[in-house]
Amino acid sequence: MFEEYCNKCGECCKNQKGILVTPEDLELWKALGRNDIIDAVEEIEEDYYTESGILLFRKGEMILPTDKNERCIFLTKDNKCSIYNIRPKLCWMFPYRGDGLMIYPKSCNVIKHLYFTEDGL
């Protein structure tokens, strides 16, 4: 459904504080021997809230960190995911997080079409 609106801009991988990782993601990467991904995973040490008070990450959750510019560390310079076929579940579910919340990069063409146009939801 969303693929037809995606222009591969990479906005879903930018301006993030981290990418949530599931136990299933870790199992897949381990089975594939992708220690480069596993070694990058960090554990959240305390609940992390956005400036507006929304809980973004819970203590103990695992994330892929972002770089100093808040880009996913696996996003290439030309906005391609270098682990696309084995990306985290959260990335597969975009724009949904799985906990009832949405990731909402306003410059994303998918979000613009679905929520900010007349034929959007």
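Buried means under 20% relative accessible area, exposed means over 50%, and partly exposed is whatever falls in between (1.4 Å probe, protein chains only).

A quick word on the model. It is predicted, so local features need pLDDT of at least 70 and side-chain atom pairs count only at pLDDT 80 or more, while totals for chains, interfaces and linings use all residues. Residues are numbered from 1 along each chain as its sequence is written, and side-chain values use heavy atoms, with hydrogens and water left out.

Now for the core. A nonpolar core is a set of buried Ala, Val, Leu, Ile, Met, Phe, Trp, Tyr and Cys residues joined through side-chain atoms within 4.5 Å. The largest one here has 19 residues, and F57 is among those that touch the most other members, along with W29, I37, L64, C72, F74 and I83. Strands 1 (19-21), 4 (55-57) and 5 (62-64) each put in at least two residues, and strand 1 gives the most, with three. Strands, by the way, are DSSP runs (E, at least two residues) numbered from the N terminus. As for C72, it is in contact (heavy atoms within 4.5 Å) with C13, I19, P65 and T66, leaving aside neighbours within four places in sequence.

D47 sits in the loop between strand 2 (42-43) and strand 3 (48-49). D47 and F57 are 10 residues apart in sequence, yet 5.7 Å apart in space, C-alpha to C-alpha. The side chain of D47 also reaches the backbone nitrogen of K59 at 2.8 Å.

Here is how three of these residues compare on accessibility:

| Residue | Relative accessible area | Class |
|---|---|---|
| D47 | 37% | partly exposed |
| Y48 | 33% | partly exposed |

Three strands form an open sheet in the order 1-5-2, with antiparallel pairing; two strands pair if DSSP finds at least two bridges between them. Strands 1 and 2 are the edges, each pairing on one side only. Strand 2 and strand 5 pair over two bridges, and E42 stands opposite I63 in strand 5.

Note on methods
Helices (H or I, at least four residues) and strands (E, at least two) are DSSP runs, numbered from the N terminus. A polar contact is a pair of N or O atoms within 3.5 Å; within protein, one must be able to donate a hydrogen and the other to accept it, and residues adjacent in sequence count only if both atoms are side-chain atoms.
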